[in-house]
Amino acid sequence: MRVEVLKGKCCGYTLCNEVCPEVYRIDDDGFVVVPNPEVPSDLEGGAREGAAICPEGALVVHEGA
């Protein structure tokens, strides 16, 4: 599984980070970054939940990638 950030859509709500800080980090400007887009299997559930909670749809989960 891989996670992609649509930079232009992130508005800095940081909900994804609250759900799964191991995958979703917040940069100095308050926007999400994903240091490692390849999500370890033990974090896949949190990564999906973090992406789903984003009010702007700024996170895309690519299954099986």
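The chain has two helices and four strands, where helices (H or I, at least four residues) and strands (E, at least two) are DSSP runs, numbered from the N terminus. Read from the N terminus on, these elements follow the order β-α-β-β-α-β. The model is a predicted one, so local features need pLDDT of at least 70 and side-chain atom pairs count only at pLDDT 80 or more, while totals for chains, interfaces and linings use all residues. Residues are numbered from 1 along each chain as its sequence is written, and side-chain values use heavy atoms, with hydrogens and water left out.

Overall dimensions come next. Along its principal axes, the C-alpha trace spans about 30 × 20 × 15 Å. A compact globule of 65 residues would have a radius of gyration near 11 Å, and the 10 Å of this chain agrees with that; the radius is taken over C-alpha atoms, and the globule rule is 2.2 Å times the number of residues to the power 0.38. Of the 65 residues, 28% count as buried, where buried means under 20% relative accessible area, exposed over 50%, and partly exposed in between (1.4 Å probe, protein chains only). The chain exposes about 3800 Å², and carbon and sulfur atoms supply 50% of this area; accessible areas come from the Shrake-Rupley method with a 1.4 Å probe, and for residues only the protein chains shown count as cover. Among the contacts in the chain with a separation of 6 or more, 60% are between residues 24 or more positions apart, a contact being heavy atoms within 4.5 Å.

Charge is the next topic. The chain carries 5 positive and 12 negative side chains, and the centres of the two sets lie 5 Å apart. In this count, Lys and Arg are positive and Asp and Glu negative, with His and the chain ends not counted; a charge is placed at NZ of Lys, CZ of Arg, CG of Asp or CD of Glu. Side chains of opposite charge can pair when their charged atoms come close. A search of the whole structure finds two salt bridges, each being a side-chain nitrogen of Lys or Arg within 4 Å of a carboxyl oxygen of Asp or Glu.

Arginine 48 counts as partly exposed because its relative accessibility is 34%. The side chain of arginine 48 also meets that of glutamate 63 in a salt bridge (2.8 Å, N to O). This pair links distant parts of the chain, with glutamate 63 in the segment after β4 (59–62) and arginine 48 in helix α2, 15 residues apart. Through shared partners, Glu44, Arg48 and Glu63 form one network of salt bridges.

Three loop residues complete the picture. Tyrosine 24, in the loop between α1 and β2 (25–26), is buried because its relative accessible area is 0%. Beyond its neighbours within four places in sequence, tyrosine 24 contacts residues including Val3, Cys16, Val33, Ala47 and Leu59. Threonine 14 sits in the loop between β1 (2–5) and α1 (15–19) and has a positive phi of about 65 degrees although it is not a glycine. Glutamate 56, in the loop between α2 and β4, is in contact with Lys9, Cys11 and Tyr13, leaving aside its neighbours within four places in sequence.
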